[in-house]
Amino acid sequence: MDYQQVRKAAFTVTGIRKVTPDGGVLWDIIKSDGSKARLEALSGKVCDIGLCFGFDAAVGNDYLAGVEGVSLEGFTCYAYPATTFLLFDVKGKISDGVLSKAWESVKKKGLPTGHTPSALPTLERYRVWSEAADQCHVEIMIPLA
């Protein structure tokens, strides 16, 4: 899988954080309960970022869905320090499980030689996610130590 190394200045992500069986469940919740639309209206930005803080075998995935660059009362805010990420560009059909397959590949193969993950949460940026067109373009960004 192709990747590139990118350096980002310090930034914040603000959104809704919950522990669910997987990150996709949180997206379904915030779409159906209106909190995604509320976050977008208040921030003036598209809610297109997911942060994965980790998994617990008994409970699930500690995940935050949100927007970059704003802080809003009533929402969870996470501040990244200046960070170098490995960015994996994932494109394909949602029905083919392209995102799950990309994560499986990263977990199975590990990071490329010479790269060590940090303790910061991983980031997914959803550039395109169209269930109607069965297409996605997601950037998986793994912070490096």
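Predicted model: local features only at pLDDT ≥ 70, side-chain atom pairs only at ≥ 80, totals over all residues.
Biologist: Why does Glu139 count as buried?
Modeller: Its relative accessibility is 12%, and buried means under 20% relative accessible area (exposed is over 50%, partly exposed in between, with a 1.4 Å probe and protein chains only).

Biologist: Okay, what makes Arg127 partly exposed?
Modeller: Arg127 has a relative accessible area of 45%, so it gets the label partly exposed.

Biologist: How do you know that Glu139 and Arg127 meet in a salt bridge?
Modeller: We check one distance. A salt bridge needs a side-chain nitrogen of Lys or Arg within 4 Å of a carboxyl oxygen of Asp or Glu. For Glu139 and Arg127 the N to O distance is 3.3 Å, and that passes. This pair links distant parts of the chain, with Glu139 in strand E8 and Arg127 in strand E7, twelve residues apart. Helices (H or I, at least four residues) and strands (E, at least two) are DSSP runs, by the way, numbered from the N terminus.

Biologist: How many salt bridges are there by this rule?
Modeller: The count comes to seven. One of them joins the side chains of Glu68 and Lys8, at 3.2 Å from N to O.

Biologist: What makes you say that Glu68 and Lys8 tie parts together?
Modeller: Glu68 lies in strand E4 (residues 60-68) and Lys8 in strand E1, so the parts they connect are 60 residues apart in sequence. Glu68 also forms a salt bridge with Arg125, where the closest N and O atoms are 2.3 Å apart. Arg125 lies in strand E7, so this pair ties E4 to a part of the chain 57 residues away in sequence.

Biologist: Is Arg125 buried or exposed?
Modeller: Arg125 is at 11% relative accessibility, so it counts as buried.

Biologist: Which accessibility class does Cys77 fall into?
Modeller: Partly exposed, because its relative accessibility is 38%. Cys52, with a relative accessible area of 14%, is therefore buried.

Biologist: How do you know that E3 and E7 are joined?
Modeller: Two strands pair if DSSP finds at least two bridges between them. Strand E3 (residues 49-56) and strand E7 (residues 122-130) have four bridges and run antiparallel, with Cys52 standing opposite Thr122 in E7. E7 also runs antiparallel to strand E8 (residues 135-143), and seven bridges join those two. There, Arg125 has Glu139 in E8 as its bridge partner.

Biologist: What is the order of the strands in the open sheet?
Modeller: The eight strands go E1-E6-E8-E7-E3-E4-E2-E5, with antiparallel pairing.

Biologist: What makes E1 and E5 edge strands?
Modeller: Each of E1 and E5 (76-80) pairs on one side only. The twist averages 35° from one strand to the next. Helix H3 (residues 98-109) packs on the sheet, touching E3, strand E6 (83-92), E7 and E8, and its direction makes about 25° with that of E8. Such angles run from 0 to 180 degrees between N-to-C directions, with axes as lines fitted to C-alpha atoms, for helices over the stretch in contact.

Biologist: Which residues is Val6 in contact with?
Modeller: Contact means heavy atoms within 4.5 Å. Leaving aside neighbours within four places in sequence, Val6 has Thr83, Thr84, Phe85, Leu87 and Met141. Val6 itself lies in strand E1 (residues 3-8).

Note on methods:
Residues numbered from 1 in each chain as written. Heavy atoms only, no water.
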